[in-house]
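Today I am looking things up in one model and jotting down what I find.

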Amino acid sequence: MKKKLQRYWIMFRLLFFPHGRDAAKYIRKKHIFALFGDQCAWHAKKIPSEPELISIHNNVHISADVRFITHDIISDMFNHHPQYARYGSYPFYKGKIEIMDNCVIGADSIIMYNTKIGPNSIIAAGAVVTKDVPPGEIWGGVPAKFIGTVDDLAHKRRAESN
């Protein structure tokens with residue numbers, strides 16, 4: 001219960017940070033994630049139900065309304081369904097999420113359990129990540145799939161600014 005109250009208190013406090021970098025410093029200070037690296041920005045207002053299953057490395061930018069799903073409730077259905085319950089109890093299922101260095105997670109994205117987002121990658125706004133994202137790639141869509149490389153985007157942005 002204490003852990004749950006701490007999570008709610010942190011979410012309440014996040015409402016008052018005007019900048020994502022300040023919110024990230026506060027989160028890092030609270031030590032609630034398995035890992036929360038340096039130079040991050042946290043614009044989301046919610047903390048996942050099992051933050052200890054999430055590792056966020058250095059220079060990761062989490063946009064508004066990103067959701068980290070670290071568990072499912074399928075076992076509840078199995079445990080209360082006569083066809084499946086006769087085989088015994090099904091355990092609550094949880095999985096880890098890891099976001100490597102230099103990543104951006106776009107607004108309203110959902111990152112599912114048992115996924116790893118490789119270094120130097122971008123997840124487009126609204127994406128649902130259900131499998132590992134290789135380094136240096138941009139993924140988007142539902143479910144998320146490869147849509148380009150970060151290098152190509154960097155070159156395009158540089159050309160547009162000139």
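Strands (E, at least two residues) and helices (H or I, at least four) are DSSP runs, numbered from the N terminus.

Ground rules. I am working on a predicted model, where local features need pLDDT of at least 70, side-chain atom pairs count only at pLDDT 80 or more, and totals for chains, interfaces and linings use all residues. Residues are numbered from 1 along each chain as its sequence is written, and side-chain values use heavy atoms, with hydrogens and water left out.

I looked up E12 (residues 137-140) and E13 (residues 145-149), and they pair antiparallel over four bridges. Which residue in E13 is the bridge partner of Ile-138? I found Gly-148. Four residues sit between the two strands of this hairpin, and Gly-141 in the turn has a positive phi of about 105°. Pro-143 lies in the loop between E12 and E13, and a cis peptide bond joins Val-142 to Pro-143, with omega about -10°.

I checked Gln-39, a non-glycine with a positive phi near 60°. Gln-39 lies in the loop between E1 (35-36) and E2 and is exposed, at 53% relative accessible area. My cut-offs are buried under 20%, exposed over 50%, partly exposed in between (1.4 Å probe, protein chains only). Asp-108 is not a glycine either and has a positive phi of about 65°. I place Asp-108 in the loop between E7 (103-105) and E8 (110-112); at 47% relative accessibility, Asp-108 counts as partly exposed.

I searched the whole structure and got ten aromatic pairs. Trp-42 and Phe-68 are a stacked one, 5.9 Å centre to centre with 15° between the planes. This pair links distant parts of the chain, with Trp-42 in E2 (residues 41-42) and Phe-68 in E5 (residues 67-69), 26 residues apart. For the record, rings of Phe, Tyr and Trp (its six-membered ring) pair if their centres lie within 6.5 Å; planes under 30 degrees apart are stacked, over 60 edge-to-face, the rest tilted. Are Trp-42 and Phe-68 buried or exposed? Both are buried. Trp-42 and Phe-68 also form one aromatic cluster with Phe-33 and Phe-36.

Last, I found Phe-16 in the loop between H1 (2-14) and H2 (20-30). Phe-16 is exposed, with a relative accessible area of 58%.

Terms used
Two strands pair if DSSP finds at least two bridges between them.
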